[in-house]
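Visitor: I've got a model to go through before setting anything up with it. Could you walk me through it?
Guide: Gladly; here it is.

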Amino acid sequence: MGSFLSGKRLKYVAIGAVSAALIGMFMMLGPPKLLAKSESPDFCASCHVMETQHTAFMHAGAHRRFKCVDCHLPNDNLASHYIWKSIDGMKDVLFFNLGHVPERITLSEHGAKVVKANCIRCHETLVSQMDTSRNCWSCHRRITHTGTGALAVNPI
């Protein structure tokens, strides 16, 4: 009796590993421009459960020139950004397809930390002498999606 990974089995394991790596690379990088498209506000709004957030975003004054991922994903380094993009994206797909989308979409604890870190990163000079222990949106309510154009359809 041969070892578990003898000739033929080793070949199948190698083919499987290479296939998994190629599929993984395709999923991470995708066809040309897919990655860029998936970071656009229109892509986020293509899921109907995010329509009110997108509507509010479009009325958010100076912040509407940004992409959703500028606030909602870590932007401290590229690896962290894409790891969390993958995690959040898969979570969103699963919640949506399993019918577990909450009636009122709110930030998770991790999401709130990410958004706050991005606020501080973008407004570093302005907040350098402030106490940043509070969430920015506790004072700046109009930057939240419910504090702008979606107020009537998505009450606080």
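Predicted model: local features only at pLDDT ≥ 70, side-chain atom pairs only at ≥ 80, totals over all residues.

Visitor: Changing topic to confidence: what does the chain average in pLDDT?
Guide: The chain averages 80, with 85% of the residues scoring at least 70. Confidence is highest in helix H7 (residues 109–122), at a mean of 92, and lowest in helix H2 (residues 34–37), at 78.

Visitor: Where does pLDDT stay under 50?
Guide: That happens over residues 149–156, and for this stretch the model has 14 contacts beyond four places in sequence.

Visitor: Now salt bridges. How many does the structure hold?
Guide: There are two salt bridges in the structure. In one of them, Glu-39 pairs with Lys-85, and the closest N and O atoms are 3.5 Å apart. This pair links distant parts of the chain, since Glu-39 sits in the loop between H2 and helix H3 (41–45) while Lys-85 belongs to helix H6 (residues 78–97), 46 residues apart.

Visitor: Is Glu-39 buried or exposed?
Guide: Glu-39 counts as buried because its relative accessibility is 9%, and Lys-85 is buried as well, with a relative accessible area of 16%.

Visitor: What about Lys-113 and Glu-109?
Guide: Their side chains meet in a salt bridge, at 3.8 Å from N to O. Lys-113 and Glu-109 are four residues apart in helix H7, so about one helical turn separates them, and both residues are exposed.

Visitor: Why can side chains like these pair at all?
Guide: Side chains of opposite charge can pair when their charged atoms come close.

Visitor: Last topic, cysteines: how many disulfides does the structure hold?
Guide: It holds zero disulfides. Cys-44 is in no disulfide, and the nearest cysteine sulfur, which belongs to Cys-68, is 3.7 Å away, whereas a disulfide would need the two sulfur atoms within 2.5 Å. With a relative accessible area of 25%, Cys-44 is partly exposed.

How values were computed: Residues numbered from 1 in each chain as written. Heavy atoms only, no water. pLDDT = per-residue confidence, 0-100. Helix = DSSP H or I, 4+ residues; strand = E, 2+ residues; numbered from the N terminus. Contact = heavy atoms within 4.5 Å. Buried < 20%, exposed > 50% of the residue type's maximum accessible area, 1.4 Å probe, protein only. Salt bridge = Lys/Arg side-chain N within 4 Å of Asp/Glu carboxyl O.
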